[in-house]
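The sequence and the structure come first, and the notes follow, grouped by topic.

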2 protein chains.
Amino acid sequence: MRTVDVCLTPDLLHQYELAGKNVVVVDILRATSCMVTGMAVGVAAIKPVASLEECADLKKQGYTTAAERNGAKAEGFDMGNSPFEYMQPKLKGNKVAVTTTNGTLAISKSVDADEIIIGAFLNLTAVANYLLERPQDVIILCAGWKGKFNLEDTLFAGALVQKLTKDGQFEYACDAALAAEAMYKDASTDLMHYMRNSSHAKRLGRLGVVKDIEFCAQHDTYAVVPRIQEGELVI
Amino acid sequence: MRTVDVCLTPDLLHQYELAGKNVVVVDILRATSCMVTGMAVGVAAIKPVASLEECADLKKQGYTTAAERNGAKAEGFDMGNSPFEYMQPKLKGNKVAVTTTNGTLAISKSVDADEIIIGAFLNLTAVANYLLERPQDVIILCAGWKGKFNLEDTLFAGALVQKLTKDGQFEYACDAALAAEAMYKDASTDLMHYMRNSSHAKRLGRLGVVKDIEFCAQHDTYAVVPRIQEGELVI
C-alpha cells in the first residue's frame, strides 16, 4: 500500500525521507498557484530559484523575472507574485524566473525526491489523478510562512489526502495527514471564510490583493501538473 | 490583548519567543496526563528529567523512578508511564522522578518561559482559568512524537485555545492556534474516535494500554494546575 504524508512546514522536512517518493510542494498564497496558472496559460517555462540574486541573474538569459518578499513585489524585478500577472499575453511562449519568500525555497529543499510536483487548489484533481497513476509514496510539503505552519497550505494538503485515500489506494502515513484531512472536511463548505482568517490572507489583505486570494481558492480551474525537470517546470 | 499561540512540535520551538510568556506543555498520551493525575492524588512532588541516567540517579535521593521509552516501561525503573500507576497508595506523600520519550523533553526545552504549566484534558478547565487570571501571553507546546506532529496533543491545544478565546480575552497569535481549535471543534463530539485513530494511540493499543487512552481523554477529572518550580512540579 502506498502512503501519503504531510510535512506541515519546511522546518520539519528533516523528519522525512524524500528519496524514492513524489513530493507535492504547495504554497497556495501564492507561489504554486501562480506557477500552475502560468504553465496553464502558456508560459513556456518557469524556473524557481531560492534567492533574489539568482533570479536577477537570469534576466540576462532572457527570463522575465518575478520576485516576492514578505508578500510584496521585490524592487527591480519585472513582476511580483500575483496569478493575474502570469496571465499577461506577453508572457506566452516566454520563460519566467521566480523567487518567493516560501514556495521556491520549499521546492529547492525537495531535490532528493523522485519527482517534485507543483500543487494548488487550481489543479487539485489533476495532481491527485497523476499521483494515483504512479507507484510512489507521496509527501505533501506545505511551504508555510518563514518556516511556520499556515492554514491554507494545510487545507490543500487535506484536500489532496482526501482524494488519495478515499478509495483506499493510499493510506495515511502519520497524524499530520489525518489532521489536514479533518481540517479540510470542516473547511470545505466555506473555504473562503477559512482562508480569509489565515494570517497570510490578512497580510495580503493589507497589501490589497483580496482578488488573488479568491482566485487561489478556486478548485480545478486548470488540468496541468507542473513538475520540475532540470530545474524548470514542465507540464 | 493577550495572545495564545500553539507550537505543534518541539522541533518548531525555535520559532517562538518564550521569555515573558506562560508555556503549557501537553503530552496527552501520556506524560502530562500522568503528572496531573499524580499531583491530584497526592504525590508530594514530581521531577521531570530528560534522560534515563538522570532519572536512575534520583533513586538514590529517595525518588520513585518512572521511565518510558517508545511507549513501554524502560528496564530497571520502578514504574512506566500509565496514569493508573500514579494512583498507587504507596506513592502518596512520596516523590517521583520521571522521564519519557517526548513529554519531559518538551518541559526541559521550555526553561525560558515565565511559568511552565502541565496541561491535559484531565485538568483542562483548571489550566484555562489559571491562564485567564494572569497577564502573560500563552504558548501551548505540543510534545508530539519524537519531534513529529501528533493528533491528541493538538486536540488539547485546540480545546484550550477555545476556552481562552471564547470571551475575547485572548486572541489567536497564529494559524496553528486557529487550526488546532478547528480540529477540536470537529473532534469534540467524538473525541475517542479521533484519539483512537492517532498514530500513538495505535502504538499504545498494540502495547495493550487502551484503558489509559480512555482515561486520558476524560475532561476535568482534576482541578490541579501543576507548575514547575526549581525543577519540580508544584500545585
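**Aromatic pairs and overview**

A search of the whole structure finds six aromatic pairs over all chains, where rings of Phe, Tyr and Trp (its six-membered ring) pair if their centres lie within 6.5 Å, and where planes under 30 degrees apart count as stacked, over 60 as edge-to-face and the rest as tilted. The rings of F84(B) and F215(B) have centres 5.1 Å apart and planes at 50°, so this pair is tilted. The pair links distant parts of the chain, since F84(B) lies in the loop between β5 (72–73) and β6 (95–99) of chain B and F215(B) lies in helix α9 (residues 210–216) of chain B, 131 residues apart; helices (H or I, at least four residues) and strands (E, at least two) are DSSP runs, numbered from the N terminus.

This is a predicted model, in which local features need pLDDT of at least 70 and side-chain atom pairs count only at pLDDT 80 or more, while totals for chains, interfaces and linings use all residues. Residues are numbered from 1 along each chain as its sequence is written, chains are lettered from A and ligands numbered from 1 in the order in which they are written, and side-chain values use heavy atoms, with hydrogens and water left out.

**How the two chains are related**

- A rotation of 180° with 0.0 Å of shift along its axis superposes chain A on chain B, with an RMSD of 0.0 Å, the copies being superposed by least squares on the C-alpha atoms of residues with pLDDT of at least 70 in both.
- That is the relation of a two-fold axis.
- Of the residues of chain A, M183(A) comes closest to the rotation axis, with its C-alpha at 3.0 Å.

**The interface between chain A and chain B**

- In this interface 27 residues of chain A are in contact with 27 residues of chain B, contact meaning heavy atoms within 4.5 Å.
- Because 100% of the interface residues of chain A are also interface residues in chain B, the copies meet through the same surface.
- The area buried between chain A and chain B is about 1900 Å², of which carbon and sulfur atoms give 62%; buried area is the accessible area (1.4 Å probe) that two parts lose on being put together, summed over both.
- Two salt bridges are counted between chain A and chain B, a salt bridge being a side-chain nitrogen of Lys or Arg within 4 Å of a carboxyl oxygen of Asp or Glu.
- D5(B) forms a salt bridge with K148(A), and the closest N and O atoms of the two are 3.6 Å apart.
- The elements that give two or more residues to the side of chain A that touches chain B are α5 (151–165), α6 (175–187) and α7 (191–197) of chain A, and α6(A) gives the most, with seven residues.

**Salt bridges in the whole structure**

- Over all chains, the count comes to 13 salt bridges.
- K59(A) forms a salt bridge with D78(A), the closest N and O atoms being 2.7 Å apart.
- K59(A) lies in the loop between α2 (52–57) and β4 (64–69) of chain A and D78(A) in the loop between β5 (72–73) and β6 (95–99) of chain A, so the pair ties together parts that are 19 residues apart in sequence.

**Backbone features**

- A cis peptide bond joins L29(A) and R30(A), with omega about 10°, and R30(A) is found in the loop between β2 (22–26) and α1 (31–41) of chain A.
- In chain B, a cis peptide bond joins L29(B) and R30(B), with omega about 5°.
- K146(A), although not a glycine, has a positive phi of about 50°, and this residue is found in the loop between β8 (138–142) and α5 of chain A.
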